[in-house]
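Please find below a colleague's note on the model under review.

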2 protein chains.
Amino acid sequence: MFSTKGRYALRIMIDLAQHEGAGNIPLQKIADRQEISKKYLEIIMKDLVKAGLVSGASGRGGGYRLSRKVDEYTVGEILELMEGTLAPVACLEDDASTCSRTEDCITLPLWKEYYDMTREFFYGKKLSDLIESRDPIYYI
Amino acid sequence: MFSTKGRYALRIMIDLAQHEGAGNIPLQKIADRQEISKKYLEIIMKDLVKAGLVSGASGRGGGYRLSRKVDEYTVGEILELMEGTLAPVACLEDDASTCSRTEDCITLPLWKEYYDMTREFFYGKKLSDLIESRDPIYYI
DNA sequence: CTATTTACCTACTGCGTCAATAGGTTAAAA
DNA sequence: TTTTAACCTATTGACGCAGTAGGTAAATAG
């Protein structure tokens with residue numbers, strides 16, 4: 001199960017993408033639109049800023065904006081950033097301490113195959129793919 | 001991340017499959033071979049028995065055995081039984097109470113597609129597939 | 001220069017689930 | 001009747017998730 005952090009982060013990124021060109025977006029706006037506590041979103045934003053996915057500006061007229069073009073983000077990198085890993089088992093994590101059974105673990109190839117499939121799936125999806133499939137939002 | 005329950009259950013089923021024809025397998029044997037506490041395996045076995053995947057026999061000469069042929073189990077049903085669901089988000093669970101955003105949730109199709117892919121993957125793998133790919137084990 | 005707006009920072013916490021452990025009772029066979 | 005093994009109920013420590021609370025720093029408007 002994906003945690004709220006990963007799911008909310010994705011929704012934040014989509015929200016920012018949908019309001020691109022509107023300058024900096026205050027977090028309160030996103031919180032209102034997405035119906036998520038602003039306080040909690042702060043935690044998620046911190047990670048997104050730290051990783052360079054978005055940039056924040058303080059003060060009046062401040063807020064957040066995407067630091068790249070919408071089609072230059074993959075869903076995979078967003079999820080992996082927030083979840084820590086997309087691996088289905090600990091043995092497959094980057095920093096996994098090799099367990100004694102690794103050599104002839106009969107289930108490892110299964111997990112590996114699923115892991116590869118998962119990464120291909122999420123890294124193959126661009127942020128823009130999620131938005132383009134929807135009807136455009138018009139601002140009057 | 002899959003929990004130990006799901007992963008251990010799979011290893012138990014593989015162990016039983018590999019020792020098919022040897023009558024009932026006492027849980028202590030499996031615990032020793034898999035290096036997992038017998039006490040903990042009892043919990044998992046209870047679920048497997050309850051679901052009818054294996055059958056247990058008490059008393060001397062007792063133990064557990066598969067209730068079907070090895071190629072009549074899918075990895076998916078074993079994992080889903082132990083994990084409760086394979087859904088990546090709660091909204092997709094069978095008993096999910098529809099949330100207010102379901103109608104125009106922009107991320108739902110993504111989760112749905114991943115969920116479908118996951119189920120196809122694991123239900124497409126038979127227990128026998130995991131074993132046949134390995135060198136046979138010889139008993140002297 | 002001051003007030004306002006906004007991001008940024010550190011710390012804390014309730015809650016639930018995971019991963020077991022403990023200690024028994026029933027069933028069946030030698 | 002003793003041994004073997006499954007079956008059953010209860011308990012527990014640790015950890016992470018999801019969220020709160022309360023403050024400080026930065027930037028702009030007036």
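The note takes up the basis of the model, the symmetry, the chain contact, the DNA surfaces and some local details.

1. This is a predicted model, in which local features need pLDDT of at least 70, side-chain atom pairs count only at pLDDT 80 or more, and totals for chains, interfaces and linings use all residues. Residues are numbered from 1 along each chain as its sequence is written, while chains are lettered from A and ligands numbered from 1 in the order in which they are written.

2. Symmetry. Two copies of a chain are related by a rotation about an axis and a shift along it. Here chain B is superposed on chain A by a rotation of 180 degrees with 0.0 Å of shift along the axis, at an RMSD of 0.0 Å. That is the relation of a two-fold axis. Within chain B, Met1(B) comes closest to the rotation axis, with its C-alpha at 3.7 Å.

3. Contact between the chains. Contact involves 18 residues of chain B and 18 residues of chain A; two residues are in contact if their C-beta atoms, placed from the backbone, lie within 7 Å. On the chain B side, helix 1 (4–18) and helix 5 (108–123) are the elements that give two or more residues. Helices (H or I, at least four residues) and strands (E, at least two) are DSSP runs, numbered from the N terminus. This side of chain B has 13 nonpolar residues, one polar and four charged. The classes are nonpolar (Ala, Val, Leu, Ile, Met, Phe, Trp, Tyr, Cys and Pro), charged (Asp, Glu, Lys and Arg) and polar (the others, Gly among them).

4. Surface near DNA strand C. Helix 3 of chain A supplies the largest share, four residues. The surface comprises eight nonpolar, 12 polar and six charged residues.

5. Helix 1 of chain B. The 15 residues of this helix should span 21 Å at 1.5 Å a residue, and the end C-alpha atoms are 21 Å apart, which agrees. The expected span is 1.5 Å times one less than the number of residues. Among the buried residues of the helix are Tyr8(B), Leu10(B), Ile12(B) and Leu16(B). A residue is buried if 20 or more other C-beta atoms lie within 10 Å of its own, exposed if 12 or fewer, and partly exposed in between. The partners against which the buried residues of helix 1 pack include helix 4 (75–83) and helix 6 (127–132) of chain B.

6. Strand 1 and strand 2 of chain B run antiparallel and are joined by four bridges; two strands pair if DSSP finds at least two bridges between them. Val54(B) stands opposite Leu66(B) of strand 2. The hairpin has five residues between the strands, and Gly59(B) takes a positive phi near 75 degrees.

7. Ala51(A). This residue lies in the loop between helix 3 and strand 1 of chain A. Ala51(A) counts as partly exposed because it has 13 C-beta neighbours inside 10 Å.

Note on methods:
Copies are superposed by least squares on the C-alpha atoms of residues with pLDDT of at least 70 in both.
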